[in-house]
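Here are my notes on the model you sent over. Have the structure open while you read, and go through the points in order.

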Amino acid sequence: MSKASVIRETTEKMQNLGTYKPEFDDLIARYAEIAEKYKKMSKNVKNIEDITVSSAAGTEKMNPVVRVVLDLRKDLTAMEDRLLLSPKEYYKIFAPEAVDDKESGIKDILEKIKD
């Protein structure tokens, strides 16, 4: 997946969600760069047999390549939240208006009990 395709797909997703604005283009470009690096680095992790390595002090620590991939994944998740591409963050801003009939019934019962 190239940087250009990530930019295009992300822009399309945001347009479909109604959250795209041209002001986000720089953020989307940074997101695409991180996604491209993540994909490249995650291929390297698949070839690693042991995710830990011995340090000079004799203790075990996480393989630096694995650490980079985990950090990139964390960065991608944060960027997705900022771009409102994750359901959690999207629904914080755009709460669903449709209320399920079961929820409505429960709310009515609770209101009657409260009175």
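**Notes on the predicted model**

1. The buried residues of α1 pack against α2 (25–46). Those buried residues are Ser5, Val6, Thr10, Thr11 and Met14, so if you colour by burial under the 20% cut-off, look for them there.

2. Helix α1 itself covers residues 3–17, which makes 15 residues. From first C-alpha to last, α1 reaches 21 Å, close to the 21 Å expected at 1.5 Å a residue.

3. Now the overall layout. There are five helices and two strands in the protein chain, and along the sequence they come in the pattern α-α-β-β-α-α-α. Of the contacts between residues at least 6 apart in sequence, 54% join residues at least 24 apart.

4. How much of the protein chain is buried? Buried residues make up 22% of the 115 residues.

5. Next, the salt bridges. Side chains of opposite charge can pair when their charged atoms come close. The count here comes to three salt bridges.

6. One of them is Lys3 with Glu33, where the closest N and O atoms are 3.1 Å apart. This pair links distant parts of the chain, since Lys3 sits in helix α1 and Glu33 in helix α2, 30 residues apart. Lys3 counts as partly exposed because its relative accessibility is 27%, and Glu33 is also classed as partly exposed, at 34%.

7. Another salt bridge joins Asp71 and Arg67, with the closest N and O atoms 3.9 Å apart. That distance still qualifies, because the cut-off is within 4 Å. Asp71 and Arg67 are four residues apart in helix α3, so about one helical turn separates them. Asp71 is partly exposed at 30% relative accessibility, and Arg67 is partly exposed with a relative accessible area of 39%.

8. Then there is Lys92 with Glu89, whose closest N and O atoms are 3.2 Å apart. Both lie in helix α4 (residues 87–93), three residues apart, which is about one turn of the helix.

9. Where is it? Asn63 is placed in the loop between β2 (60–62) and α3 (64–82). Despite being in a loop, Asn63 counts as buried, because its relative accessibility is 12%. Leaving aside residues up to four places away in sequence, Asn63 touches Ile48, Asp50, Ile51, Thr52 and Val53.

10. Which residues form a nonpolar patch on the surface? Ile109, Leu110 and Ile113 do, with about 330 Å² of accessible area together. Ile113 is in helix α5 (residues 101–114), and Ile113 counts as exposed because its relative accessibility is 64%.

Methods:
Residues numbered from 1 in each chain as written. Predicted model: local features only at pLDDT ≥ 70, side-chain atom pairs only at ≥ 80, totals over all residues. Heavy atoms only, no water. Buried < 20%, exposed > 50% of the residue type's maximum accessible area, 1.4 Å probe, protein only. Contact = heavy atoms within 4.5 Å. Expected span 1.5 Å × (residues − 1). Patch = residues over 30% accessible without salt bridge, like charges linked within 9 Å, V, L, I, M, F, W, Y side chains within 5 Å. Areas by Shrake-Rupley, 256 points an atom, 1.4 Å probe, with all protein chains shown as cover. Salt bridge = Lys/Arg side-chain N within 4 Å of Asp/Glu carboxyl O.
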